[in-house]
Amino acid sequence: MGRAVDDAAAAEFHAFFEAHYAGLARLAHMLTGEADAADDLAADALMALWHRWDRVRAAEHPVAYARGVVANLARTRIRSAVRERRRVALFWAPRGDGDGYGIEGPDVSAVVDVQEALRRLPFRKRACVVLRHAFDLSERDTSLVLGISVGTVKSQTSRGVAELQRLLGDAAQAQVAAAARRGEGRH
């Protein structure tokens, strides 16, 4: 009898996998900005879900549970990458004015697309904006995925959108200024 239950659970998980893998990979891609990592994160999340499948399938919102796992894995990946970049920057940074290492500001390119602007948002703001606008989740569903209150979703989404508008507006102004400088050199 245990085998029949295992087969039923495996069939349920397989159906869940087929229905939600692509969406989980897309979420991972939008949260990390790394297409190559998206499939790995989605696969890792689904592996974790399989190990807890009894708990997941009993959950009121199993897809929200899965999205939460992806969001947590993405957050861990981003934090790890940031720590690694800081270590590399400290190692290769030129000596400052005798007061330790001097690290130059970030090299910001003239063209900043939405992906780059999203990467610049803090994780919680990015996750709220992506889940609300790219995945069209309700505030309640977003709060379930991230394990935060609906009020926090509202404020983080609003602040994230405002910051994206500012970042993208700054980039557009830089592009216009660069184009104007190029045009002046031709006369």
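## Overall fold

Of the 187 residues in the protein chain, 31% are buried. The model is predicted. The chain holds eight helices and zero strands. Along the sequence, the pattern reads α-α-α-α-α-α-α-α.

Among contacts with a separation of 6 or more, 65% join residues 24 or more positions apart. The protein chain exposes about 11,800 Å². Carbon and sulfur atoms supply 53% of that area.

## A buried arginine

Arg67 sits in helix 4, which spans residues 62-92. Arg67 is buried yet forms no salt bridge. Asp141 is the nearest side chain of opposite charge, at 6.0 Å. A salt bridge would require a side-chain nitrogen of Lys or Arg within 4 Å of a carboxyl oxygen of Asp or Glu.

Leaving aside residues up to four places away in sequence, Arg67 touches Leu24, Leu27, Leu131, Leu137 and Val145.

## A buried glutamine

Gln156 belongs to helix 8, residues 150-184. Its relative accessibility is 12%, so Gln156 counts as buried; the cut-off for buried is under 20%. Gln156 touches Arg124, Lys125 and Cys128, again not counting residues up to four places away in sequence.

## A negative surface patch

Asp36, Asp39, Asp40 and Asp44 form a patch of negative charge on the surface. One of them, Asp39, lies in helix 2, residues 35-51. Asp39 has a relative accessible area of 41%, so it is partly exposed.

How values were computed:
Residues numbered from 1 in each chain as written. Predicted model: local features only at pLDDT ≥ 70, side-chain atom pairs only at ≥ 80, totals over all residues. Heavy atoms only, no water. Helix = DSSP H or I, 4+ residues; strand = E, 2+ residues; numbered from the N terminus. Buried < 20%, exposed > 50% of the residue type's maximum accessible area, 1.4 Å probe, protein only. Lys, Arg positive; Asp, Glu negative; His and termini not counted. Contact = heavy atoms within 4.5 Å. Patch = residues over 30% accessible without salt bridge, like charges linked within 9 Å, V, L, I, M, F, W, Y side chains within 5 Å. Areas by Shrake-Rupley, 256 points an atom, 1.4 Å probe, with all protein chains shown as cover. Charge placed at Lys NZ, Arg CZ, Asp CG, Glu CD.
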